[in-house]
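Colleague: I would like to go through this model feature by feature. Please give the general idea each time, and then the case at hand.

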Amino acid sequence: MSDILIVDDERDIRELISDILQDEGYATRMAGNSDDAMSAVNDDPPALMILDIWLKDSRMDGIDILKAVKRDNPDVPVVIISGHGNIEIAVAAIKQGAYDFIEKPFNIDQLLVVIRRAMETSRLRRENQSLRRKDTQKAEMIGNAPAYRAMLGQLDKVTKSNGRVMLTGPAGAGKEVAARYIHGHSSRADAPFVVVNCAGVAPERMEEVLFGRESAERGLEPGLLEEAHGGVIYFDEVADMPIGTQSKILRVLVDQQFQRVGGADKVRVDLRVISSTSRDLEQAIQAQTFREELYHRLNVVPIAVPALEDRREDIPLLAAHFIAAMNAHQGLPLRELSDEASALMQTMSWPGNVRQLKNLIERVLILGDSTGPIEARELPGDDDSAADGGRVILSGSLASLPLREAREAFEREYLLTQINRFGGNISRTAHFVGMERSALHRKLKSLGVVTTVKSGSRVAQTEDD
């Protein structure tokens, strides 16, 4: 994509344009009919195309060639020239995606200005796309917990294929980060990664957003599917996609082509599809809000993204990562977590998962001290003990129990919390709580605490759970 293709049935004109452009330092190719033009484009897409609308003895006229080029090579700017110019032809050409329309006989200086502008516009568009693609490759996978490492192993396997992946897990767990990791380590890493926020688009606008539209007033407006051509399209919270749109997306997955809203031409695309959901799609199928056939098409490789509670041992690592990133990008203080703050964060409830953790870190860095480690008193949920001189405030249920039962309830909850904090590792738990491992095992047995595997991690729970 480094030369200019000149398509005109008049040999003198195409050679004249070629000589002028070569004098300006451009490399050129020439074609005198539609077959030669399409063959040249398919062999090696040009940096720009100068196209005559009227081509004698050709299967396709200029508008047909324009449609085909913009369908398969949307980044190639096309300048239309014609000796029979009128407003209707010009409008039709611009509507189909032409960069500009020039009448014959044309002024050479005018043609050169249009070519320079078209090439510059195309260059800026490619640079913009390149910057956006580089940004998508910054997805970092942070974590050492067994459940997380198991998921990462699955992600590494699917990067080597073009198979469709369905990421499941609670909101905020990092499903989009996982999708970007797949893209950034795949053969499509240099191609677009386009996010479709299915929950954030009004149902009545979803088809325009995905497929684009064509209208006499606004011309051709590409949609997200075209923007993702050659790369990855990521359907975030796919369960929120309107049921009417689901059938059309299913057709795209089968045919790899679609029609824009208001258009008649087929647009071919090459896409890898990654989807995510925090809901049970099988229940959505039963409720007839999600198409079963689409589910099976998208769910070729299902991968579960673990909740933060299933990888509590990663919390200090994630917190340190967020602190470093916020210092680099926002200039927020570069602080460490104190041991007390780290322990407290590993025992907190995280319904918002990694996203909630990131927001908490940002809030503490903004509102807290500018120097020194982050202390437990700066975290939510620790205000009562701090205000009361470090005393532990009993809950009503615990305070109503006899001492022996209260002590057992406290020990049970304390050890459950510590074991889960250390990812089910009994040795690390025993070291932290100051017990011999054998003594801890006996204590757990007496309290009815057992460990089991959940989402790839070992977690503690009571025998009754």
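Modeller: Start with how elements are named: helices (H or I, at least four residues) and strands (E, at least two) are DSSP runs, numbered from the N terminus. By that scheme, Glu24 sits in the loop between α1 (11–23) and β2 (28–31). The model is predicted, so local features need pLDDT of at least 70 and side-chain atom pairs count only at pLDDT 80 or more, while totals for chains, interfaces and linings use all residues. Residues are numbered from 1 along each chain as its sequence is written, and side-chain values use heavy atoms, with hydrogens and water left out.

Colleague: How is the accessibility of Glu24 classed?

Modeller: Buried means under 20% relative accessible area, exposed over 50%, and partly exposed in between, with a 1.4 Å probe and protein chains only. Glu24 has 40% relative accessibility and therefore counts as partly exposed. Contact means heavy atoms within 4.5 Å. Leaving aside neighbours within four places in sequence, Glu24 is in contact with Leu112 and Arg116. The C-alpha atoms of Glu24 and Ala178 are separated by 48 Å, the two residues being 154 apart along the chain.

Colleague: Ala178 belongs to α7. How many residues of helix α7 are buried?

Modeller: In α7 (residues 175–184), 7 of the 10 residues are buried, so the helix is largely enclosed by the rest of the structure. The buried residues are Lys175, Ala178, Ala179, Arg180, Tyr181, Ile182 and His183. His183 has a relative accessible area of 0%. Its C-alpha atom is separated by 8.2 Å from that of Gly231, 48 residues apart along the chain.

Colleague: What should I look for in a nonpolar core?

Modeller: In soluble globular proteins, nonpolar side chains tend to be buried together. A nonpolar core is a set of buried Ala, Val, Leu, Ile, Met, Phe, Trp, Tyr and Cys residues joined through side-chain atoms within 4.5 Å. The largest one here has 33 residues, of which Leu225, Ile233, Phe235, Ile249 and Phe290 touch the most other members. Elements giving two or more residues to this core include β7 (193–197), α9 (224–227), β10 (232–236) and α10 (243–255). Beyond four places in sequence, Leu225 is in contact with Leu210, Phe211, Ile233, Ile249, Val252, Phe258, Val269 and Leu271. A second, separate core of 25 residues includes Val41, Ile89, Ala90 and Ala93.

Colleague: How do I read a pair of packed helices?

Modeller: Two packed helices are described by the angle between their axes and the distance between the axes. Axes are lines fitted to C-alpha atoms, for helices over the stretch in contact, and angles run from 0 to 180 degrees between N-to-C directions. Helix α13 (residues 315–330) packs on helix α15 (residues 353–367) at an angle of about 55°, with the axes 10 Å apart. That makes α13 oblique to α15; angles under 35 degrees count as roughly parallel, over 145 as roughly antiparallel, 65 to 115 as roughly perpendicular and the rest as oblique.

Colleague: Which residues make the contact between α13 and α15?

Modeller: From α13 come Ile315, Leu318, Ala319, Phe322, Ile323, Met326 and Gln330, and from α15 Val354, Leu357, Lys358, Ile361, Glu362 and Leu365. They divide into 10 nonpolar, 1 polar and 2 charged. Ala, Val, Leu, Ile, Met, Phe, Trp, Tyr, Cys and Pro count as nonpolar, Asp, Glu, Lys and Arg as charged, and the others, Gly among them, as polar.

Colleague: At what angle do α18 and α20 pack?

Modeller: Helix α18 (residues 403–421) and helix α20 (residues 437–447) pack at about 120°, with axes 10 Å apart. That makes α18 oblique to α20. The contact is made by Glu408, Glu411, Arg412, Leu415 and Ile419 of α18 and Leu440, Lys443, Leu444 and Leu447 of α20. By class, these are 5 nonpolar, no polar and 4 charged.

Colleague: Which backbone angles deserve a look?

Modeller: The peptide bond from Lys104 to Pro105 is cis, with omega near -10°. Pro105 is in the loop between β5 (100–103) and α5 (108–136). Asp57 has phi near 55°, a positive value in a residue other than glycine, and at 83% relative accessibility Asp57 counts as exposed. Phi of Asn353 is near 60°, also positive in a residue other than glycine. Asn353 lies in helix α15 and is buried, with a relative accessible area of 2%.
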